[in-house]
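Good morning, and thank you for coming. Please look at the sequence and the structure on the screen while I speak.

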Amino acid sequence: MYSREIDGRALTITTSGWTYYNQHMLFDHETESFWFHMEGTNDLTCVAGHYAGRKLRGVPSHYGPWHVWVAEHPDSKILKSQQR
């Protein structure tokens, strides 16, 4: 997971549909820059566009099963879509 803020600006980041070294690249709509996670770093690096060479910092995250999370954080809530 990465911060989407750079120079006091929040970027809207999405998948680009492109790959770089067989990994998906991300794209920001504001500057049309391409972002990639370089191996050995925690950050997302801009490889082409306005912010070329700049980085979005990685932020701590956790991936695991819901039952483990809710056992440790019992006040957690989830959004659930309505069934049609």
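Gln23 has a relative accessible area of 39% and therefore counts as partly exposed. Buried here means under 20% relative accessible area, exposed means over 50%, and partly exposed lies in between, with a 1.4 Å probe and protein chains only. The model is a predicted one, in which local features need pLDDT of at least 70 and side-chain atom pairs count only at pLDDT 80 or more, while totals for chains, interfaces and linings use all residues. Residues are numbered from 1 along each chain as its sequence is written, and side-chain values use heavy atoms, with hydrogens and water left out.

Where does Gln23 lie? Its place is in strand 4, residues 23-28. Helices (H or I, at least four residues) and strands (E, at least two) are DSSP runs, numbered from the N terminus. Not counting residues up to four places away in sequence, Gln23 touches Trp18, Phe36 and His37; a contact means heavy atoms within 4.5 Å. Between the C-alpha atoms of Gln23 and Met38, which are 15 residues apart along the chain, the separation is 10.0 Å.

Gln23 in strand 4 is also the bridge partner of Tyr20. Strand 3 and strand 4 pair in the antiparallel sense over five bridges; two strands pair if DSSP finds at least two bridges between them. These strands form a hairpin with two residues between them, and Tyr21 in the turn has a positive phi of about 50 degrees. On strand 5, residues 34-36, the antiparallel pairing with strand 4 runs over two bridges.

An open sheet of five strands has the order 3-4-5-6-7, with antiparallel pairing. Its edge strands are strand 3 (13-20) and strand 7, each of which pairs on one side only. In total, the chain has one helix and seven strands, and from the N terminus on they run β-β-β-β-β-β-β-α.

How many salt bridges does the structure hold? There is one, a salt bridge being a side-chain nitrogen of Lys or Arg within 4 Å of a carboxyl oxygen of Asp or Glu. It is formed by the side chains of Asp7 and Arg54, at 2.8 Å from N to O. The two residues are 47 residues apart and link distant parts of the chain: Asp7 is in the loop between strand 1 (5-6) and strand 2 (9-10), and Arg54 in the loop between strand 6 (44-48) and strand 7 (55-56). Asp7 counts as exposed because its relative accessibility is 56%, whereas Arg54, at 35%, counts as partly exposed.

The helix brings us to Trp69, which has its place in helix 1, residues 66-72. Because its relative accessibility is 33%, Trp69 counts as partly exposed.

Finally, consider the chain overall. Its radius of gyration, taken over C-alpha atoms, is 16 Å, while a compact globule of 84 residues would have one near 12 Å; the globule rule is 2.2 Å times the number of residues to the power 0.38. The C-alpha trace spans about 40 × 35 × 30 Å along its principal axes. Of the 84 residues in the chain, 20% are buried.
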